[in-house]
Amino acid sequence: MTDRIGPGANLLVTGGAGFIGSELVRQILGRRDGTRVTVLDKLTYAGNRANLAAVETDEEQAARFAFVRGDIADPGVVGPLVTQADAVVNVAAETHVDRSILDPEAFLRTGVIGVHVLLEAVRREAERAKAGERATAPRYLQVSTDEVYGDIPSGHSTESDPFAPRSPYAAAKASSELLVGAYRATFGLDVVTTRGSNTYGPFQHPEKLIPLFTTNALVGEPLPMYGDGMQVRDWLYVSDHAAGIEFVLRHGEAGEAYNVAGARLLPNREVIARLLEATGRDWSLVRTVPDRPGHDRRYAMDGSKLAALGWAPAVDFERGLPDTVAWYRTHPDWVAGARSGDWDSYYARQYGDRLAAGRSVTPLPTEP
Ligand code: NAD
Ligand code: DAU
């Protein structure tokens, strides 16, 4: 199988201080195969340099690592970094659907202008390669999401399905993909895209379902379940998602998108039941609260295109979930850091009225 990324490659990973980006960086550098990584990260509320501590405190890995604080929408920062890169992996984005409903603008700035700035820099480098000023053009990988397909009442989304995004977050991600496709068609750039499903694991910001419910349950705070809790997500462990991204970077066909499907489709209530079990709590902590506007009921992707290339997820939910709960239990300082800054005002805005209107939940006969 062709490998587009040679030994000792220099990778630019944007958003590498976030949840999935930092896992990708830890995986790549932890292999100690000579690959070099530069992270460009704005360090928004979701970015945390401490997520990269394992790399920065290891002498051998640190020698192959550089961190730049900056915005992907800033051409002055992006240009010189792309000049040095063999590949650009764009993990950076605003990522929380609820925040995109409260304040959509930052999602569009990063997802549209930021992606445009990255693509322009890659285009310049492709022209330099054509002019013989560098050996090869950089490959560009766009990290995208199953949310671009919208709500999928039945069946599984395949890569050729149309986009139908329904939140400002999903619309920003779909817009990023449209730009990537346009730069492929118009300028012939070497681009690939991954569409990952709902990801969970250590280092995920506690605004998302699994870390929010875990950290609240550990301290006995209420768990705000949106609506009837029967929305379905396809859960993918973070090490699998990062491995899927690197696999596509190395082996994906230029111009193609690949679903990185999860290991398990589950309704939220089932996830909550398992979290209660893992944290030693019961349903008295759960509140049904007013639903997310435009809430997609179900995501499900067909992962056969990537499976045909030889990749599949390795961590099942039965192992991944308890490991994740154990990580949050043993990292209270990390959790406290993530729940600082704008956390209290965000929490009051998102959950204040919801929890006030919340009602208790009776477990179904099948639920523990
Ligand atoms: P995250 O919110 O944990 O991290 C995002 C990172 O991007 C942060 O470090 C943040 O500081 C950085 N960032 C944001 N705007 C930036 C900008 N303008 N310039 C530079 N850096 C910026 O996100 P995550 O959950 O790790 O998601 C990473 C990527 O994967 C995103 O593109 C997201 O859309 C996609 N994705 C996430 C999931 C999931 O379930 N978490 C699933 C599928 C796809
Ligand atoms: O599907 C991939 C997407 O998964 C990624 O692209 C996004 O970046 C990521 O945030 C995630 O989006 P979701 O909206 O699916 O994830 P979230 O963890 O916010 O919610 C998961 C489900 O849990 C969803 O049905 C909403 C519900 N939920 C969430 C929160 C935060 C609740 O019931 N209560 C909550 O408080």
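Which oxygen atom lies 2.7 Å from a polar side-chain atom of T95? An oxygen atom of ligand 1 does.

## About the model

This is a predicted model, in which local features need pLDDT of at least 70, side-chain atom pairs count only at pLDDT 80 or more, and totals for chains, interfaces and linings use all residues. Residues are numbered from 1 along each chain as its sequence is written, chains are lettered from A and ligands numbered from 1 in the order in which they are written, and side-chain values use heavy atoms, with hydrogens and water left out.

## Ligand 1

The shell of ligand 1 holds 30 residues. A residue belongs to such a shell if one of its heavy atoms lies within 4 Å of the molecule. I20, D41, T95, Y169 and K173 come nearest to ligand 1. Polar contacts (pairs of N or O atoms within 3.5 Å; within protein, one must be able to donate a hydrogen and the other to accept it, and residues adjacent in sequence count only if both atoms are side-chain atoms) tie in here. T95 has one at 2.7 Å. Y169 places a polar side-chain atom 2.6 Å from an oxygen atom of ligand 1. For K173, an N or O atom of the side chain is 2.7 Å from an oxygen atom of this ligand. The protein buries 96% of the 830 Å² that ligand 1 exposes when taken alone. Such areas come from the Shrake-Rupley method with a 1.4 Å probe; for residues, only the protein chains shown count as cover.

Which elements give two or more residues to this shell? They are α1 (19-30), β5 (139-145) and α7 (168-187). β5 gives the most, with three residues. Helices (H or I, at least four residues) and strands (E, at least two) are DSSP runs, numbered from the N terminus. By class, the shell has 11 nonpolar, 15 polar and four charged residues. Ala, Val, Leu, Ile, Met, Phe, Trp, Tyr, Cys and Pro count as nonpolar; Asp, Glu, Lys and Arg as charged; the others, Gly among them, as polar.

## Ligand 2

Around ligand 2 there are 25 residues. D146, Y169, N198, R292 and Y351 come nearest. The side chain of D146 has an N or O atom 2.5 Å from an oxygen atom of ligand 2. Y169 has a polar side-chain atom 2.5 Å from an oxygen atom of this ligand. For H295, the distance is 2.7 Å, again from a polar side-chain atom to an oxygen atom of ligand 2. On its own, ligand 2 has 690 Å² of accessible area, and the protein covers 95% of it.

α5 (97-102), α8 (209-219) and β8 (223-226) each give two or more residues to the shell around ligand 2. Its residues divide into 10 nonpolar, eight polar and seven charged.

## Helix packing

Helix α6 (residues 105-130) packs against α7 at about 20 degrees, with axes 8 Å apart. Axes are lines fitted to C-alpha atoms, for helices over the stretch in contact, and angles run from 0 to 180 degrees between N-to-C directions. α6 and α7 are therefore roughly parallel. Angles under 35 degrees count as roughly parallel, over 145 as roughly antiparallel, 65 to 115 as roughly perpendicular and the rest as oblique.

Helix α4 (residues 75-83) and α6 cross at roughly 40 degrees, and their axes come within 9 Å. That makes α4 oblique to α6. α8 meets helix α12 (residues 317-329) at about 50 degrees, with axes 10 Å apart. α8 is thus oblique to α12.
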